[in-house]
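Here is a short report for a reader who is new to this structure. Please look over the sequence and the 3D view before reading on.

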Amino acid sequence: MAGQDDAVAAVRTVLARLCKRAGLSPKRLRSTEIDVRPLLGLYVIDQHARLTGTDPAEAALPVVADLARQLPPPHRLIVDVGLALGLLRGGLPDTVDPARLYAPDLGRRRDYLSAHWPALLRAAGTESTAAPTPTTRQLRGRLEHEAFTLLAQRLVTASGYASVLPTRPAGAAGEGRAGTVTVIGDAVLDNICSIIDHFPGPDDPATGTFRDRPGGKGLNRAVAAARLGLHVRLISVVGDDLRGRRVLDHLRAAGVDTDLVRVVPGADTPVAVVLVTSTGEPLNIACPNERVRLTPEDLHTTAARHAIADADAVLLTFEPPPAVIETALELTAREQRPRLLVQPAPAADGPQRFYRHFDAIDYLIGTRRELAALAPAGEPGDLDDAELCRRLRALGARTVCIAEGFAAHVRSDDLDLDIGRFPVVLEDSPGAPAAFVAALAHRIVAADGRRPGPDDFRWATAAMAATQSTGDISAAMPTAAAVDRMVELAAEAHAHGARSR
């Protein structure tokens with residue numbers, strides 16, 4: 001925490017010094033004697049500069065203003081007036097003179113803020129103004145320190161908070177892409193050990209191969225969707241270490257928009273250990289870093305809310321903390337919302353807390369064990385497939401898909417579909433779940449309002465089979481052409497079997 005605390009203190013100092021005279025402006029940042037590098041060097045400001053094609057001095061004002069708007073009203077008001085941001089211009093009562101509120105001199109701004117505190121607090125969005133009006137001395141001391149500390153914390157930990165995102169391609173197939181998907185999940189570095197023959201015993205060592213690769217359920221789904229031609233945004237968190245840079249580079253090389261991947265200063269990107277058997281079955285060991293985790297605030301930023309509302313589909317895993325999962329479900333539960341595809345992996349404790357949000361889920365996808373964990377009834381085998389799907393649909397999920405072993409079972413109001421196992425060599429593949437949900441999202445988006453039918457779910461199942469790999473997971477995600485080829489091979493095998501009979 002020391003690194004982050006030092007960064008917050010340095011940014012707060014810059015902001016406090018910029019308050020003097022005329023406040024924050026690009027011109028001031030370029031000419032001031034203040035060392036503004038702690039502010040201009042922030043990831044979020046560099047990111048906004050890249051997005052808008054400007055320099056950090058030009059990008060700082062809209063980023064600071066955007067984050068200031070998200071502060072509680074009293075803090076927002078103090079920051080707005082202190083930095084002369086002008087957030088309240090156009091919404092001030094007639095009794096307040098904007099020229100005096102945003103005067104060139106900080107002392108005059110403080111005096112005017114104190115004199116008109118109740119009216120300005122109401123203009124900032126607070127209905128209750130029962131709290132005592134602060135004096136100029138109180139503003140200059142504790143209150144400004146608290147407000148600028150909070151703003152500095154938001155700036156230091158922010159990534160993707162810039163108010164301007166790249167405009168999504170016009171139409172369903174802008175720039176050759178099939179649509180827009182937002183993925184919410186983890187991005188980590190996978191330590192993958194592929195076992196050659198058998199699991200080791202106390203006196204029976206095994207042989208295997210080792211590689212470390214960017215991974216995580218969120219990352220793998222984002223890469224899988226991008227490989228299929230979708231425009232993909234990932235909402236996730238990494239540290240600012242070498243592992244985090246590898247993850248970001250990997251995502252960008254795959255064509256995934258990383259503007260909503262928050263970078264935590266002074267923190268290590270989490271790792272996961274993935275053991276893959278010789279038949280393709282994965283066993284996962286998570287090694288989380290609690291500092292590097294999504295929070296509900298990450299989904300409430302202007303950019304994140306835009307990315308969710310503007311998407312054709314949202315893919316959500318159960319990797320983030322429960323409060324984040326609830327927030328994601330709430331944000332998609334509204335009219336004209338994107339299609340929501342949820343994979344409840346890994347299994348969450350106390351899934352009952354999500355039941356009230358199940359009516360936001362368009363497609364609930366998982367293995368029998370993962371889905372059974374949502375409807376506790378003892379062991380996973382205590383419910384047959386039909387009853388398991390019925391219970392989950394009774395909670396509100398519109399379509400339930402049991403997808404595992406290169407086969408799928410789909411139940412909805414108009415589908416009762418069993419897709420048999422594709423003729424492949426391995427028993428399982430660690431990338432299969434990501435490939436299935438990405439492929440289904442691709443077909444849903446391409447359908448342009450038409451409900452997916454048997455061929456769409458068969459295509460998504462073929463995507464699972466096209467990932468056969470016991471090594472690098474995200475690299476095994478198939479292209480649309482590879483999925484088409486798998487569908488053709490399965491049709492040939494079926495025709496050959498029919499002739500043999």
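A residue counts as buried when its relative accessible area is under 20%. The model shown is predicted. Of the 501 residues of the protein, 52% are buried by that cut-off.

**Overall picture**

The secondary structure comes to 20 helices and 14 strands. Contacts with a separation of 6 or more were also sorted by sequence distance: residues 24 or more positions apart account for 69% of them. The accessible surface of the protein is about 21600 Å². Carbon and sulfur atoms hold 51% of that surface.

Strands of a sheet pair through backbone hydrogen bonds, either parallel or antiparallel. Both senses occur around strand S2: S2 pairs with S3 in the antiparallel sense over 8 bridges, and S2 (residues 188–195) pairs with S7 (residues 271–276) in the parallel sense over 6 bridges. Asp190 has Ala272 as its bridge partner in S7. Ser194 stands opposite Thr209 in S3. On the S7 side, the bridge partner of Ser194 is Val276.

Why is S2 described as largely enclosed by the rest of the structure? The reason is burial: 7 of the 8 residues of S2 are buried.

| Strand pair | Sense | Bridges |
|---|---|---|
| S2 and S3 | antiparallel | 8 bridges |
| S2 and S7 | parallel | 6 bridges |
| S10 and S11 | parallel | 2 bridges |
| S11 and S12 | parallel | 4 bridges |

Strand S10 covers residues 339–343, and strand S12 covers residues 399–404. In S11, Tyr363 is the bridge partner of Leu341. Gly366 has Ile402 as its bridge partner in S12. Which way do the residues of S11 point? Tyr363 and Ile365 point one way, while Leu364 and Gly366 point the other way. All of these residues are buried.

**Helix H15**

Helix H15 (residues 322–332) is mostly covered, with 8 of its 11 residues buried. Among them are Val324, Ile325, Leu329 and Leu331. What do the buried residues of H15 pack against? Their partners include strand S1 (180–184), helix H13 (296–299) and helix H14 (302–309). Strand S9 (313–317) and S10 are partners as well.

**Helix H8 and Arg110**

Helix H8 runs over residues 106–115. Asp105 caps the N-terminal end of H8. A side-chain oxygen of Asp105 lies 3.1 Å from the backbone nitrogen of Gly107. The buried residues in H8 include Leu106, Arg109, Tyr112, Leu113 and Ser114.

Arg110 also sits in H8. Is Arg110 buried or exposed? Its relative accessible area is 13%. The cut-off for burial is under 20%, so Arg110 is buried. Leaving aside neighbours within four places in sequence, Arg110 is in contact with Thr136, Leu139, Arg140 and Glu144.

**Cysteines**

A disulfide is a covalent bond between the sulfur atoms of two cysteines. How many disulfides does a search of the whole structure find? The search finds 0 disulfides. Cys401 is in no disulfide. The cysteine sulfur nearest to that of Cys401 belongs to Cys389, and is 8.2 Å away. A disulfide would need the two sulfur atoms within 2.5 Å.

Cys401 has a relative accessible area of 0%, so Cys401 is buried. Cys19 is buried too, with a relative accessible area of 1%.

Methods:
Residues are numbered from 1 along each chain as its sequence is written. This is a predicted model: local features need pLDDT of at least 70, side-chain atom pairs count only at pLDDT 80 or more; totals for chains, interfaces and linings use all residues. Side-chain values use heavy atoms; hydrogens and water are left out. Two strands pair if DSSP finds at least two bridges between them. Buried means under 20% relative accessible area, exposed over 50%, partly exposed in between (1.4 Å probe, protein chains only). Contact means heavy atoms within 4.5 Å. Accessible areas come from the Shrake-Rupley method with a 1.4 Å probe; for residues, only the protein chains shown count as cover. A polar contact is a pair of N or O atoms within 3.5 Å; within protein, one must be able to donate a hydrogen and the other to accept it, and residues adjacent in sequence count only if both atoms are side-chain atoms.
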